[in-house]
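Please read this report alongside the sequence and the structure shown below. It goes from strand pairing to the nonpolar cores, and then to helices and charged pairs.

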Amino acid sequence: MSDVNKTIQKWHASFRKGTDFDSWGQLVEAIDEYQILARQLQKEVQSTNSSDFTEEQKKTLGKIASCLEMRSGSLQCTQSKEDFKLEDLKKLETIIQNILTYNKEFPFDVQPVPLRKILAPGEEESLELEEEEDAAAGAGSTEAFPPRAPGTLLPRLPSEPGMTLLTLKIEKIGLKDAGQCIDPYMTISVKDLNGVDVNPVQDTPVASRKEDTYIHFSVDVEIQRHVEKIPKGAAIFFEFKHYKPKKGFTSTKCFAFMEMDEIKPGPIVIELYKKPTDFKRKKLQLLTKKQLYLHLHQTLHKDS
């Protein structure tokens, strides 16, 4: 079997997995699967050295990614006006399977997801040899960001007797060149000691504003596992990402993490480390000697 057919089979299996979760009511798992597949399709659409698909086929893949994002959004927000139903999504299964021969009109009036190159952790290092520019210009400006992607934040889990849920409000991050960051957002993940995900990864929406040396988020992130069920030695990671127009990709600028013994109600300030993100926490290097941190506020919900 050719590599391209193997890729299509993999996409189809992921699509089926997501729609199965969706139909069983396992919404967190469905959202996770849809978002992973949407990113894989976007990566293929963005690939400039791939001749596996024609431009028309890439456009169709981009539209499928849009529909996956829309279904994801519908599951995350029950009041969503942009309701995209599971039975609609299922109509796309044969298109994925037959993408190489599909020549009909796409069944929904959607545009491909606006593309920005999102790279895997460490992948940007090979493209980016120079150090991060110390751009002082504009650092003192106050600026709001245009509305963009709504992020992939998930709703709070149902409470369970005797179990604790954690809400983390990401308040702001201090950076010397805060004014220069374009479309900044955070990726939040919970990793075990080996750096393996124990929860779905979530992205915040783009930050609400930047002011002096701070980028303000003021957004709640619901950790997708009861605190008591998080594996011993795990940590919650916060990767700060921003878009680099000259290079045409979204880059991780720095990261921070919080260990399980730091979970307690109230504000917490955590240090920022240099990229690439070290999920195993073996070779940590502080981003700067300056007093710049990630500011969070923790709320614990316990169902007695």
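Predicted model: local features only at pLDDT ≥ 70, side-chain atom pairs only at ≥ 80, totals over all residues.

## Strands, cores and charged pairs

Strands β10 and β12 run antiparallel and are joined by 6 bridges, with Ile 268 standing opposite Leu 296 of β12.

The largest nonpolar core has 32 residues, of which Ile 170, Ile 173, Phe 238, Met 258 and Leu 294 touch the most other members. At least two residues of this core come from each of β3 (164-174), β4 (182-191), β7 (214-222), β8 (235-244), β9 (249-259), β10 (266-271) and β12 (293-302). Once neighbours within four places in sequence are set aside, the contacts of Ile 173 include Met 186, Ile 215, Phe 217, Phe 240, Cys 254, Leu 272 and Leu 294. Another core, of 30 residues, lies apart from the largest one, and its members include Phe 15, Phe 106, Phe 108 and Val 110.

Turning to the helices, α2 (residues 27-46) has 20 residues, which at 1.5 Å a residue should span 28 Å, and its end C-alpha atoms are 28 Å apart, so the two values agree. Buried residues of α2 include Ala 30, Tyr 34, Leu 37 and Leu 41, and also the charged residues Glu 33 and Glu 44.

Asp 22 lies in helix α1 (residues 3-24) and counts as buried because its relative accessibility is 6%, under the 20% limit for that class. Leaving aside its neighbours within four places in sequence, Asp 22 is in contact with Leu 27, Ala 30, Tyr 34, Arg 71, Leu 75 and Leu 86. Which side chain meets that of Asp 22 in a salt bridge? The partner is Arg 71, at 2.8 Å from N to O; Arg 71 lies in helix α3 (residues 55-76) and Asp 22 in helix α1, so the pair ties together parts that are 49 residues apart in sequence. Both Arg 71 and Asp 22 are buried.

The count of salt bridges comes to 12, and the table lists some of them.

| Salt bridge | N to O distance |
|---|---|
| Arg 71 and Asp 22 | 2.8 Å |
| Arg 209 and Glu 211 | 2.3 Å |
| Arg 281 and Glu 259 | 3.0 Å |

The pair of Arg 281 and Glu 259 joins the side chains of these residues at 3.0 Å, and it links distant parts of the chain, with Arg 281 in the loop between β11 (273-274) and β12, and Glu 259 in strand β9, 22 residues apart. Arg 281 counts as buried at 16% relative accessibility, while Glu 259, at 30%, counts as partly exposed. Arg 209 is partly exposed, with a relative accessible area of 35%, and Glu 211 is partly exposed at 29%.

Note on methods:
Residues numbered from 1 in each chain as written. Heavy atoms only, no water. Core = buried A, V, L, I, M, F, W, Y, C linked by side-chain atoms within 4.5 Å. Buried < 20%, exposed > 50% of the residue type's maximum accessible area, 1.4 Å probe, protein only. Helix = DSSP H or I, 4+ residues; strand = E, 2+ residues; numbered from the N terminus. Contact = heavy atoms within 4.5 Å. Pairing = 2+ DSSP bridges. Expected span 1.5 Å × (residues − 1). Salt bridge = Lys/Arg side-chain N within 4 Å of Asp/Glu carboxyl O.
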